[in-house]
Amino acid sequence: LHHEHVIDAARSAAEPSVVWCEKPIASQVTAAEEMIRVCEETGTELVVNHSFRFTDKLQQLRTLIQEEDILGDIQSVSTQFRMELLRNSTHLLDTLVYLLDARAETVAGHITGENEAVDSLEAGQQVDDSGGGGFVVMDDGSFVTIDCTLPRATSSMTFNIIGSKGKLYMNNDDGEWRYWRLEDGDHVEEPLPGIEGAWTWEDDYQRAFANAASHIVDVLEGDAENGSTGQEATRSLEILIALYLSHNTGGQVEIPLARPLRDVTVTSW
């Protein structure tokens with residue numbers, strides 16, 4: 001419903017300056033692209049609530065990776081999060097493209113066909129969305145593995161990032177972040193500069209919604225640029241759609257998706 005609601009809001013007589021859209025941006029790449037286009041035409045700022053972007057520690061970590069270059073050139077990333085792909089794992093993939101500031105080029109996927117939302121949401125209908133994973137080659141040359149096959153009770157949101165200057169381990173469920181600097185062929189563990197402790201659901205994530213609301217006020221007042229644009233949200237969506245396409249076609253999928261593939265819809269709750 002995000003597609004229809006965002007377009008209706010942007011074109012409405014209210015002439016909103018900002019529309020705050022929940023994640024994922026849409027269930028179809030073409031729909032996301034139309035949302036972006038209409039918002040540009042109407043002068044509406046589209047902010048997508050990928051809430052991890054609005055946590056203080058993740059913002060500081062992105063600065064360390066992108067501006068202070070603590071990891072150097074990113075070479076390999078392995079990730080794990082809970083099923084289902086579209087409903088939950090959009091968080092994981094948005095965090096990936098946010099930290100790497102990269103876009104996928106090639107995707108290969110596997111879909112389990114399993115989901116746990118039917119019981120937890122008391123859903124009255126079946127949808128396409130399920131657990132899955134695969135690999136992604138990003139346009140910065142990094143190789144990413146994705147495992148979003150496990151139910152909530154046994155999953156753990158983890159990232160292992162290896163770069164030319166160091167490596168990083170992040171486990172948000174256990175509240176453990178560890179960083180090693182590469183020195184003369186050895187990895188030397190050090191604290192992450194400017195980050196005390198590790199990211200936790202109870203602390204950092206609890207502040208994310210308020211941080212996002214404050215950010216929107218800053219955008220409205222001209223004190224900040226949009227930190228979670230529709231274009232950025234589409235980067236994670238196209239990976240998700242490509243995982244399903246790859247599974248169902250038995251081959252790798254190139255991004256940007258070819259025109260007919262951008263119309264493919266993956267239903268979710």
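Biologist: Leaving aside its neighbours within four places in sequence, what is Gln60 in contact with?
Modeller: In this predicted model, Gln60 is in contact with Pro193, Gly194 and Ile195, once neighbours within four places in sequence are set aside.

Biologist: Which helix does Gln60 lie in?
Modeller: Gln60 is part of helix H3, which covers residues 56-66.

Biologist: And is Gln60 buried or partly exposed?
Modeller: Gln60 counts as partly exposed, because its relative accessibility is 26% and buried would need under 20%.

Biologist: How far apart are the C-alpha atoms of Gln60 and Asn160?
Modeller: Those of Gln60 and Asn160 are separated by 17 Å, and the two residues are 100 apart along the chain.

Biologist: Other topic. How many disulfides does a search of the whole structure find?
Modeller: The search finds 0 disulfides. Cys21, for one, is in no disulfide: the nearest cysteine sulfur belongs to Cys39 and is 8.7 Å away, whereas a disulfide needs the sulfur atoms within 2.5 Å.

Biologist: Why does Cys21 count as buried?
Modeller: Cys21 is buried because its relative accessible area is 3%, and the cut-off is under 20%.

Biologist: What about Cys148, buried or exposed?
Modeller: Cys148 counts as buried, at 1% relative accessibility.

Biologist: Last one. What feature does UniProt place at residues 85-255?
Modeller: The unreviewed UniProt entry has "domain: Gfo/Idh/MocA-like oxidoreductase C-terminal" there, at residues 85-255.

Biologist: How much helix and strand is in residues 85-255?
Modeller: Over residues 85-255 the chain is 28% helix and 29% strand. The end C-alpha atoms of that stretch are 18 Å apart.

Terms used:
Residues are numbered from 1 along each chain as its sequence is written. This is a predicted model: local features need pLDDT of at least 70, side-chain atom pairs count only at pLDDT 80 or more; totals for chains, interfaces and linings use all residues. Side-chain values use heavy atoms; hydrogens and water are left out. Buried means under 20% relative accessible area, exposed over 50%, partly exposed in between (1.4 Å probe, protein chains only). UniProt positions are given in the numbering used here, feature names are shortened, and annotations may be inferred rather than shown by experiment. Helices (H or I, at least four residues) and strands (E, at least two) are DSSP runs, numbered from the N terminus. Contact means heavy atoms within 4.5 Å.
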